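I opened my notebook to keep track of what I look up in this structure. Here is the model I will be working from.

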Amino acid sequence: MKPILEFRGVSRSYESGSGTQTVLRDVNISIFAGEFSAITGPSGSGKSTFLNLCALLDEPTTGEIYFDDVPTSGLSEALLCNLRKNAVGMVFQQYCLLPYRTVLENVLFRFRYLDMDSAETRKLARNALAMVGLEGFEDRSTHQLSGGEMQRVGIARAIALKPRLLVADEPTGNLDSAAAAQVMRCLQQLGEQGDIAILLVTHDESLLKYTSRHLSFNDGLLTECE
Ligand SMILES: Nc1ncnc2c1ncn2[C@@H]1O[C@H](COP(=O)(O)OP(=O)(O)OP(=O)(O)O)[C@@H](O)[C@H]1O
Ligand SMILES: [Mg+2]
């Protein structure tokens, strides 16, 4: 099986007044469909930097990132933009929902830049909501939802276009353990369908029981944990 995403010798450094700070060092990893990977590590170890590279929001300082075997450094900005929009879904700790809009409107927001028939987008949005267990919530306003429900709307929005890769930076960071468990089971079920790779950054090691792979960062170095 070919990886969706492959990092070969990827490093990322930032320049500042005090010199160069290397945040990721020689990262080599392949990410496959059907995997649900947890990414852990101390604060400042490079987890979000890695996730931003995976979502093609940032570029390596050295090395290459392959998306479906294509080296991304050679892609035009238009092609990269297309991949970000269609092939990658993102879930955020703060949910980032539109307040006082309905659940369905929030998921439909995912389609705002796309020239798609509105009956088709509604169908995709409803399907995504059903996949996260929110069938029947379509017309509820987001301010009437619990945190766990809000995050599942965030996941529905991220998967509505059937991305190949789903990245989530601490999606359960604001939730209590019961709501976090709901969100994790929802991600686990998506992963088990086999056509998406999920990357989840978390500080909560108790969530590792839901994931199928564990990657850990320490000072920019990636380790594959057993
Ligand atoms: N745009 C940037 N410019 C300069 N330095 C940055 C930038 N983004 C991140 N860094 C630095 O890179 C290091 C790694 O940051 P990163 O956000 O990847 O850590 P993290 O593992 O996600 O931490 P946390 O668990 O606190 O979210 C930090 O020292 C941070 O200050
Ligand atoms: Mg972070």
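The entries below follow my reading, topic by topic.

**Ground rules**

I am working with a predicted model, in which local features need pLDDT of at least 70, side-chain atom pairs count only at pLDDT 80 or more, and totals for chains, interfaces and linings use all residues. Residues are numbered from 1 along each chain as its sequence is written, chains are lettered from A and ligands numbered from 1 in the order in which they are written, and side-chain values use heavy atoms, with hydrogens and water left out.

**Entry 1: around the ligand**

How many residues surround ligand 1? I found 13, and the closest are Ser43, Gly44, Lys47, Ser48 and Thr49. A residue counts as near if one of its heavy atoms lies within 4 Å of the molecule.

I then sorted this shell by residue kind and got 3 nonpolar, 8 polar and 2 charged. For my own reference, Ala, Val, Leu, Ile, Met, Phe, Trp, Tyr, Cys and Pro count as nonpolar, Asp, Glu, Lys and Arg as charged, and the others, Gly among them, as polar.

Next I looked up polar contacts, meaning pairs of N or O atoms within 3.5 Å; within protein, one must be able to donate a hydrogen and the other to accept it, and residues adjacent in sequence count only if both atoms are side-chain atoms. An oxygen atom of ligand 1 is 3.0 Å from an N or O atom in the side chain of Gln21. For Gly44, a polar backbone atom lies 2.8 Å from a ligand oxygen. With Ser48, an N or O atom of the side chain is 2.8 Å from an oxygen of the ligand.

How much does ligand 1 expose when taken alone? The value is 640 Å², and the protein buries 60% of that. Such areas come from the Shrake-Rupley method with a 1.4 Å probe; for residues, only the protein chains shown count as cover.

Two or more residues of the shell come from each of β2 (19-31) and α1 (47-54). Helix α1 gives the most, with 3 residues. Helices (H or I, at least four residues) and strands (E, at least two) are DSSP runs, numbered from the N terminus.

Why do I call α1 largely enclosed by the rest of the structure? It is because 6 of its 8 residues are buried. Buried means under 20% relative accessible area, exposed over 50%, and partly exposed in between (1.4 Å probe, protein chains only). The buried ones are Lys47, Thr49, Phe50, Leu51, Leu53 and Cys54. Just after the helix, Leu56 takes a positive phi of about 65 degrees.

I also checked Ser45, in the loop between β3 (36-40) and α1. Ser45 counts as buried, at 3% relative accessibility. A polar atom of the Ser45 side chain lies 2.6 Å from the backbone oxygen of Pro42.

**Entry 2: aromatic rings**

Rings of Phe, Tyr and Trp (its six-membered ring) pair if their centres lie within 6.5 Å; planes under 30 degrees apart count as stacked, over 60 as edge-to-face and the rest as tilted. By this rule I have 2 aromatic pairs.

Phe7 and Phe50 form a tilted pair, 5.0 Å centre to centre with 45 degrees between the planes. Phe7 is in strand β1 (residues 5-16) and Phe50 in helix α1, 43 residues apart. Both are buried.

Phe50 and Phe217 are also tilted, at 5.1 Å and 50 degrees. Phe217 lies in strand β9 (residues 213-218), so its pairing with Phe50 of α1 ties together parts that are 167 residues apart in sequence. Together, Phe7, Phe50 and Phe217 form one aromatic cluster.

**Entry 3: charges over rings**

A charge sits over a ring if NZ of Lys or CZ of Arg is within 6 Å of the ring centre and within 35 degrees of the ring normal. The charged end of Arg8 sits over the ring of Tyr66, 4.1 Å from its centre. I noted Arg112 over the ring of Phe109 too, at 4.0 Å.

**Entry 4: positive phi values**

Asp26 has a positive phi of about 40 degrees although it is not a glycine. It is found in strand β2 and is exposed, with a relative accessible area of 51%. For Asp219, also not a glycine, phi is positive at about 50 degrees. Asp219 is in the loop between β9 and β10 (221-225), and counts as exposed at 51%.
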